[in-house]
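Hello,

Here is the structure we spoke of handing over. My notes on it follow below.

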Amino acid sequence: MGLELMALEQDQRISEVVKREQARLRSFIRRRVPDPRDAEDILQDVFYELVEANRLLMPIEHVTGWLFRVARNRITDLFRKKKPESFSDSAVADEEGEVLRIDDLLPSPDAGPEALYLRRVLLDALELAVDELREEQRKVFVAHELEGRSFKKMAAETGLGVNTLLSRKRCAVLHLREQLQSIYDEFTRA
């Protein structure tokens with residue numbers, strides 16, 4: 001009877017944690033994961049991990065911090081699985097119309113370990129930020145900025161208005177600026 005009572009108390013504590021943290025955790029995940037189904041899957045995975053950790057008697061001192069750390073890891077895993085393309089293979093045009101590859105805009109991998117590290121951090125952050133975009137924003141951003149396609153041509157292909165496409169790209173750019181600002185600040189201070 002003692003073990004049953006302990007198990008019941010543990011189940012009750014887990015239920016309380018789920019009730020207390022579910023809304024905040026869902027909101028945290030939704031801000032980072034555009035697809036609501038993926039966000040809900042991650043939320044369920046996080047709570048499953050909590051139940052498993054409890055079942056295996058793993059001590060968790062700060063449950064809230066632990067839950068958010070597991071959520072961050074699951075979000076990272078999701079974006080790693082969904083890499084649509086490598087940005088190091090992409091190209092953009094400069095003001096004169098000359099085609100530059102993303103590689104041309106980043107520190108050279110031959111410039112030493114610091115430059116190599118900075119390059120990797122920037123590419124990873126850019127890929128993660130683009131992966132976080134809503135699909136329709138990502139498609140327009142990639143098509144215009146990386147593939148060099150015109151809004152007029154995209155409008156003809158998709159049947160969407162040029163203003164709709166411009167709006168989607170603007171949203172994408174604002175999101176990317178926000179996501180990449182901290183990295184920019186960190187490296188310009190150094």
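**Salt bridges and a pocket**

Lys 139 and Glu 135 lie four residues apart in helix H6 (residues 135-146), so about one helical turn separates them. Please keep in mind that this is a predicted model. The two side chains form a salt bridge, with 3.3 Å between the closest N and O atoms. Lys 139 is exposed, at a relative accessible area of 53%, while Glu 135 is partly exposed at 46%.

The whole structure holds nine salt bridges. Among them is the pair Arg 74 and Asp 77, whose closest N and O atoms are 3.7 Å apart. These residues are three apart in helix H3, so they too are separated by about one helical turn. Both count as partly exposed, Arg 74 at 22% relative accessibility and Asp 77 at 31%. Another salt bridge links Arg 37 to Asp 35 (3.1 Å, N to O). Arg 37 is exposed, with a relative accessible area of 62%, whereas Asp 35 is partly exposed at 21%.

Now the second largest pocket, which has a volume of about 460 Å³. Its lining consists of 19 residues, and Thr 76, Phe 79, Asp 124, Leu 128 and Glu 132 lie nearest the centre. Helices H1 (2-32), H3 (63-81), H5 (113-132) and H8 (162-189) each supply at least two lining residues. H5 gives the most, with seven. By class, the lining has nine charged, seven nonpolar and three polar residues.

Regards

Technical notes. Residues numbered from 1 in each chain as written. Predicted model: local features only at pLDDT ≥ 70, side-chain atom pairs only at ≥ 80, totals over all residues. Heavy atoms only, no water. 1 Å grid on protein atoms, 1.4 Å probe; cavity = no way out; pocket = protein on both sides within 12 Å on 5 of 7 lines; lining within 4 Å. Points joined across faces, edges and corners; volume = space filled by probe spheres on them. Nonpolar A, V, L, I, M, F, W, Y, C, P; charged D, E, K, R; others polar. Salt bridge = Lys/Arg side-chain N within 4 Å of Asp/Glu carboxyl O. Buried < 20%, exposed > 50% of the residue type's maximum accessible area, 1.4 Å probe, protein only.
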